[in-house]
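Hi,

Here is the structure I promised to pass on. Have a look at it before you read the rest of this email.

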Amino acid sequence: MRINVITIFPDYLEGPLGLSIPGRAREAGLIDYHLIDLRAYTTDRHRTTDDEPFGGGGGMVMKPEPFDEALRALERPGHVVSLSPRGRPFDHDTAVRFALESDLTLLCGRYKGIDERVGEAWVDEEVSIGDYVLSGGEPAALVVIDAVVRLLPGALGDHDSAASDSFYEGRLSAPAYTRPAEHRGRSVPDVLRSGDHPRIERWRTGQADAATRQRRPDLLDLDAAD
Ligand code: ADE
């Protein structure tokens, strides 16, 4: 898989993409990240990427031409996604869908967003990572990339398991414990040390259901509606 990211801050992403599972996946040849500096596609002396909004109001809007040129320069843009608080919520199912693409291009907006004509001409979908406004799409792009890469076959080692992650089966995961069995007067639940795997599985299912009911009843509502 290849992920292109168009941004005015390629350095923002370079470090994190070299670490942890995204870094290991790159080293293993499962994924290739291509960080594209939007300013390389400006033509003026000041390398301008934004301008005032038509219609007035505060803030600046990212100009269409640099994004258009950067996208034209890509041999295979593939599925083009813009990161924006106006987007549809990014979730596990979206990550699975993106992980099935061979080429994914992420556009990082800043300020009041990217000129809408870039969206019309190029963007397949806009996604948001939550109901808050970030200073730019870069942290959101890292979130999307991390969630996608860990789904690629071979990206997780034996000790990481996507199947026991929260959201994998539409609910939160059970709480986890490791050694020591006793820590500052708190013990690991006996069932987890029983060696009785069917019982452990039942306990985890019960814990996952209880946590989901308490913290994220919306996930259960959605399942019922499916
Ligand atoms: N850019 C600014 N805020 C964002 C958000 N919540 N999700 C994705 N991109 C963004």
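Predicted model: local features only at pLDDT ≥ 70, side-chain atom pairs only at ≥ 80, totals over all residues.

Let's begin with helix H4, which runs over residues 92-99. Which of its residues are buried? They are Thr-94, Ala-95, Phe-98 and Ala-99. These residues sit on the same side of H4, because they cover an arc of only 135° around the axis.

Now for the backbone. Most residues other than glycine have a negative phi, and most peptide bonds are trans.

- Ser-20 isn't a glycine, yet its phi is positive, about 55°. You'll find Ser-20 in helix H2, which covers residues 20-27. Is Ser-20 buried or exposed? Its relative accessibility is 51%, so it counts as exposed, the cut-off being over 50%.
- Tyr-111 isn't a glycine either, and it also has a positive phi of about 55°. This one belongs to the loop between S6 and helix H5 (116-122). Tyr-111 comes out at 46% relative accessibility and therefore counts as partly exposed.
- The peptide bond from Arg-179 to Pro-180 is cis, and its omega is near 5°. Where is Pro-180? Look in the loop between H6 and strand S8 (182-183).

Cheers

How values were computed:
Residues numbered from 1 in each chain as written. Heavy atoms only, no water. Buried < 20%, exposed > 50% of the residue type's maximum accessible area, 1.4 Å probe, protein only. Helix = DSSP H or I, 4+ residues; strand = E, 2+ residues; numbered from the N terminus. Arc of directions from axis to C-beta.
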